[in-house]
Amino acid sequence: MPETAGEPTAFHDLSAFLATPRVNRLALSPDGQRLVAAVQGPNADGNGFVSGLWDIDPAGVNEPRRLTRSRAGESAPAFSADGTLYFLSGRENNDPAAGEHDDEGPGVWALPERGEARPAARHPGGIAGFTLARDAGVLAYTAGLLPGAPDAEAHGKLRKDRAEAKVTAILHESGITRFWDSDLGPDEPHTFVRTAGDGGPAAGEGNGSAVDAGGQGFVSDAETALSPDGTRVAHTRFVHGPVPEGNRSVVVVADAATGEELHVVDRDGYEYGAPLFTADGSALVCVRELVATYETSFSYTLVRIDLPGGAESDLLAGFANWPLAAVVSPRRDDETLWFTADELGHSPVFRRDPDGTLTRLTASGAYTSLCVAPDGRTLYALRSAVDAPPTPVRLDAAAPDQEPVALKAPGAVGRLPGTLTEVHTVGDDGFPLRSWLVLPEGARAERPAPLIVFPHGGPQTSWNAWTWRWNPWPFAARGYAVLLPDPALSPGYGPRMHERGWGQWGGRPYRDLMTMTDTAEARPDIDATRTGLAGASYGGYMANRIATLTDRFKAIVSHASIWNLRSHQAETDASVHFRRVFGDPRTQPERYEEDSPSLAAERIRTPMLVVHGAKDYRVPVGQGMSLFQDLQRLGVPAKFLYFPDEGHWVLGAAHARLWYATLLNFFDHHVLGTPWHRPELL
């Protein structure tokens, strides 16, 4: 193992690192006095993670206080108009008066400030997400109905009949059949609405009334919104389209009581999602995606949809980057909104004033889970960075380029085993390029550090936030420097960054990665003779592509990677998207032939570790298996780390620890020349 400096940190012990609490969601009460966070930690069995809710002091004075604790966990906190806290949980209902119910999957629970949690909505098979009206006692949630079931009661009976008959088969008649790591169907998501008088929605085991015709596809609470008065509901709908045009997402506005469709936000060449009502209910704010074509990259903006007329206006015309999340002012007389967007290795908070003026509010870091105080003067958010896990912070809602005030919360990781810096260079076309570089403690010219390069996934993603899955700090604790490059196709660098790499997955992005690696290796504190590379998803594709084009790396890890582009486009859950970008392989084979790593397998000389999960539907496991078989056939030193019950990501706690251990031992063996150590339990 490489020599390391300093006292051990949490990253030197993989079990301790993975047991660190993970803050992942915030909710602010209507009066602005309570801030609640969802915090994940290892479950009782130690093989996964479970979420609980914590009170966070908005003033930053008091220590955080845990609110909930159950084996099933609690997530997705939200407040109703009367200040009651709601959340999703699969916990058992111990009320003997509740009767028998199909409680598989989570339900919505209500937790008053004083008292015990009580069920607010249950549904056979579970609830996927929910939202609450700001000013009224109305709750909308998303749950499934089996074909032929008009309501939840009939749906529950059909579920029971299928279970008793031992039937798991699904008949698909259109659309896609799988998504990321889940099989779709046989039920389709519907929006249900529960209403009550003033205050919070009525609690109990009632199922609510379905107000849509289904077909939404892939939903969460971020894809459903209620108007402030609770009279209208907006939700995304997944529309099955003909081949080759494919499918699309639209936004439907319906009467919350009757289900009557009032407006459909749909326009050729675009997809819509993440609807939000303005504070006065007169309009929707949505994310609009320009659908990719063979010639043109996709892009995102925020649009305003006037109701009921449907007039649409681009709120970010001329803005160079893509909005990721938005919130609107809670004041009826104010149309200010706030959003985040990737920018130059960060993901700042931006403010858009009603006159269109844009102000960047944060100087560094990546922000999620924005919450606006009732007076519109304060924001709360989760801030993370490559060198800082998500933590709740408080921001002035108007001050530019500020440093946030950190609030007391679980999740501190302590001292890092190294430092973070930036590396700048230019591409072969003169375009400015930048990377993050993690340096281990003690790295210097007299003792340069070995280097691992991490191409990111996407490819339309950026290294700008903390990640638990591809975290560089366990590698730094082992003595490695880690380069986190943003090549062509990365967001946050304007439209030119997409244009220069569009249609050439293994071309310009590859050359950018090699240029950024050259620049890092030229540093005196980096040992250019001991370099490895590891990537997942698109980063895994790039790892395969790099293995066919250069032998400069001592070892390469390829996780959830595309090996054969032509077969992949037919198998992936995102088949329509890949045909749009790469073309129909029968009539436009050029991009498949130019960029498919499998067609150059005989060039590979570098030892490779292949990693894949059997439940990966975005990059089906056959891609990893084919790669491993080809490497063995060609005599390339190779190993295959296979997870029969993981998907595109390795999410199980024990599996994550083995993932890190296997990668680290593989690099130690091939990059540093130490003996191979097979991780325990493998």
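Predicted model: local features only at pLDDT ≥ 70, side-chain atom pairs only at ≥ 80, totals over all residues.
**Notebook: rings, charges and one proline**

I started with Arg618, which lies over the face of Trp180 at 3.7 Å from the ring centre. My rule for a charge over a ring: NZ of Lys or CZ of Arg within 6 Å of the ring centre and within 35 degrees of the ring normal. Arg591 also turned up, its charged end over the ring of Tyr294, 3.6 Å from the centre.

Numbering runs from 1 along each chain as its sequence is written, and side-chain values use heavy atoms, with hydrogens and water left out.

Next I looked up aromatic pairs (rings of Phe, Tyr and Trp, the six-membered one for Trp, with centres within 6.5 Å; planes under 30 degrees apart are stacked, over 60 edge-to-face, the rest tilted). The count by this rule is 32. In Phe454 and Trp470 the ring centres are 5.2 Å apart and the planes at 85 degrees, so I logged the pair as edge-to-face. Both residues are buried (under 20% relative accessible area; exposed is over 50%, partly exposed in between; 1.4 Å probe, protein chains only). Trp505 and Phe582 are edge-to-face too, at 5.1 Å and 80 degrees. Trp505 counts as buried at 7% relative accessibility, and Phe582 does at 2%.

Last, Pro390: at 18% relative accessibility, Pro390 counts as buried. Beyond neighbours within four places in sequence, I found Pro390 in contact (heavy atoms within 4.5 Å) with Val23, Arg383, Ser384 and Trp466. Trp466 also belongs to an aromatic cluster, with Phe454 and Trp470 among its members.
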